[in-house]
Amino acid sequence: AGLYLQQTHYTEAEAIYREVLATLLDMPDADQDQLVTVLQEYALVLRQTGRDTDALALETRARALRDPI
């Protein structure tokens, strides 16, 4: 997905990020650092495709996992 993102193949990158995110969210013991990375990179794809509101939701979720209260 990261390679597609670098190559500006956003449709392909989004599909992979969506699938990986769904897999991680289904895993009760998912690595939190990996989840944060996927959320942030998926948000970047969404921003690049003009979906700022959706991106903000993912960024907020990543921030909450990275910096718990």
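The model is predicted, so local features are taken at pLDDT of at least 70 and side-chain atom pairs at pLDDT 80 or more, while totals for chains, interfaces and linings use all residues. Residues are numbered from 1 along each chain as its sequence is written, and side-chain values use heavy atoms, with hydrogens and water left out. Confidence here is pLDDT, the predictor's score for each residue from 0 to 100. The protein averages 92, and 100% of the residues score at least 70. Helix α1 (residues 2-6) has the lowest confidence, at a mean of 78, and helix α4 (residues 52-66) the highest, at 96. Helices are DSSP runs of H or I, at least four residues long, numbered from the N terminus.

Starting with α2 (residues 10-26), its 17 residues should span 24 Å at 1.5 Å a residue, and the end C-alpha atoms do sit 24 Å apart. The expected span is 1.5 Å times one less than the number of residues. Buried in α2 (under 20% relative accessible area; exposed is over 50%, partly exposed in between, with a 1.4 Å probe and protein chains only) are Y10, A13, E14, Y17, L21 and L24. These cover an arc of only 100° around the axis, which puts them on the same side of α2; the arc is taken from the directions between the helix axis and the C-beta atoms. Turned away from that buried side are the exposed residues T11, E19 and D26.

A55, L58 and A62 are its buried residues, and they fall within an arc of 65°, so they line one face of the helix.

On to the charges: a salt bridge is a side-chain nitrogen of Lys or Arg within 4 Å of a carboxyl oxygen of Asp or Glu, and the count comes to five. R47, partly exposed at 33%, pairs with D52 at 3.2 Å and with E59 at 2.7 Å. The R47 and E59 pair links distant parts of the chain, helix α3 (residues 32-48) and helix α4, 12 residues apart. D67 and R66 meet at 3.4 Å. Elsewhere, salt bridges that share partners join E14, R18 and R51 into one network.

Finally, Y4, I16 and V20 make a nonpolar surface patch of about 200 Å².

How values were computed:
Patch = residues over 30% accessible without salt bridge, like charges linked within 9 Å, V, L, I, M, F, W, Y side chains within 5 Å. Areas by Shrake-Rupley, 256 points an atom, 1.4 Å probe, with all protein chains shown as cover. Helix = DSSP H or I, 4+ residues; strand = E, 2+ residues; numbered from the N terminus.
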